[in-house]
Amino acid sequence: MKTALITGILGQDGAYLAKFLLEKNYKVYGLIRRCSNPNFGNLDYLKITDKIEFVSGDMTDECSLINIIKTIRPEEVYNLAAQSFVGVSWDQARLTTEVNSLGVLYLLNAIKLFSPTTKCYQASTSEMFGNSFENGLQTENTPFHPRSPYAISKLYAYWITNNFKESYGLFCCNGILFNHESPIRGREFVTRKISEGVAKIKLGLVNEIWLGNIDIKRDWGFAGDFVESMWLMMQQEKPDNYLISTGQTHSIRDFLEIAFNHVGIKDWEKYVKIDPQFKRPAELFVLQGKSDKAKNILGWVPKVNFEELVKMMVEEDLERLKSDK
Ligand code: NDP
Ligand code: GDP
């Protein structure tokens, strides 16, 4: 039985990846940070909470990471823990940097010193590209130009991960993942905010959704598909970095239209209000990734398309709200 440690296991990707690895018969350890009432909601949703062995630690506490790596010596570590919300990273830039940048350095050091055969996956992001693209698309070779404290913190993590591979021969890979969503996406992210808002409007619980810039475009995929690529990267003979995307880009307006149409509302514009507080000091206008390398080498392709994703999210929020009633 292979062993894997997932940091950020209580988050969206942590939960989907844990389910995926359990189905592959892994022993899964999940790092969780101490809090009075940990939220196992995502793992409960996927019905796997009692199958995980939880270990207590924090990305900002180097000793806790050393102790965990030294004790478990997992074959694979998936570093998904992060202050992952771009919007808040301007207000909490230091925390974002401590978790997303220094946390990765601490983890890699722990691996290097106490379990150098452990493979490590780093959750890198399309945010690192900013508004940079070539022929309208981002690839592994597109120059980075991060535009938020979050993106900058992740760029450090990207390079320190490469550096530990090049300097010490560790098996480290970066997955440069474009936005991926699901019914357990954090509620402050725009897709989930819309799916939940639309479900609430349909059920007569609220009358409007307040958003920022709805003209921006993202390459949105399904988290359940994307976690498979993380595992595939770790099964290769040599560590490398891969861009993971659907190759399609859609605006928030497209998302709104499909979501509202799905519940039978055509005149969606009257329910959507704009609030400048949701606009960002520096914006990324269009993301669209070319994941040919992942397709050719990993054999990875996404399965769920944009329309299916939007409908799945709205449907699940409707169900959840109905059962909450
Ligand atoms: P989530 O925000 O859902 O999950 C992040 C997890 O990190 C949470 O469970 C959180 O714990 C944990 N965490 C935060 N701070 C610490 C800390 N100091 N010590 C230990 N754990 C901590 O993110 P996603 O699942 O959506 O994303 C997973 C990773 O992928 C993140 O690194 C994100 O930045 C990256 N990414 C995500 C993309 C996406 O579209 N989803 C796109 C590209 C990259 P707690 O539950 O206690 O709050
Ligand atoms: P991100 O791509 O990781 O920042 O994911 P988000 O879902 O937080 O944001 C995606 C895009 O939606 C960004 O360009 C935001 O500016 C835009 N957006 C517009 N309105 C909102 C909103 O109300 N909330 C959030 N989170 N994003 C919004």
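A residue counts as near a molecule when one of its heavy atoms lies within 4 Å of it. In this predicted model, 18 residues are found around ligand 2, and those that come nearest are Val 190, Lys 193, Gly 212, Arg 280 and Glu 283.

Now for the polar contacts. A backbone N or O atom of Glu 188 sits 2.9 Å from a nitrogen atom of ligand 2, and a polar backbone atom of Gly 212 is 2.8 Å from a nitrogen atom of ligand 2. With Arg 280, it is the side chain that takes part: one of its N or O atoms lies 2.5 Å from an oxygen atom of ligand 2. As for cover, ligand 2 on its own has 530 Å² of accessible area, and the protein covers 97% of that.

Phe 178 is 34 residues away from Gly 212 in sequence, and the two C-alpha atoms are 20 Å apart in space. Phe 178 belongs to the loop between β6 (172-177) and β7 (180-181).

Helix α8 takes in residues 223-234, which makes 12 residues, and spans 18 Å from its first C-alpha to its last, close to the expected 16 Å. Most of α8 is covered, with 10 of its 12 residues buried.

Helix α11, residues 306-324, has 19 residues and reaches 27 Å between its first and last C-alpha atoms, close to the 27 Å expected. Its buried residues are Phe 306, Leu 309, Val 310, Met 313, Val 314, Asp 317, Leu 318 and Leu 321. Where do these residues sit around the axis of α11? They span an arc of only 165 degrees, so they lie on the same side of α11.

Methods:
Residues are numbered from 1 along each chain as its sequence is written. Chains are lettered from A and ligands numbered from 1 in the order in which they are written. This is a predicted model: local features need pLDDT of at least 70, side-chain atom pairs count only at pLDDT 80 or more; totals for chains, interfaces and linings use all residues. Side-chain values use heavy atoms; hydrogens and water are left out. A polar contact is a pair of N or O atoms within 3.5 Å; within protein, one must be able to donate a hydrogen and the other to accept it, and residues adjacent in sequence count only if both atoms are side-chain atoms. Accessible areas come from the Shrake-Rupley method with a 1.4 Å probe; for residues, only the protein chains shown count as cover. Helices (H or I, at least four residues) and strands (E, at least two) are DSSP runs, numbered from the N terminus. The expected span of a helix is 1.5 Å times one less than its number of residues. Buried means under 20% relative accessible area, exposed over 50%, partly exposed in between (1.4 Å probe, protein chains only). The arc is that of the directions from the helix axis to the C-beta atoms.
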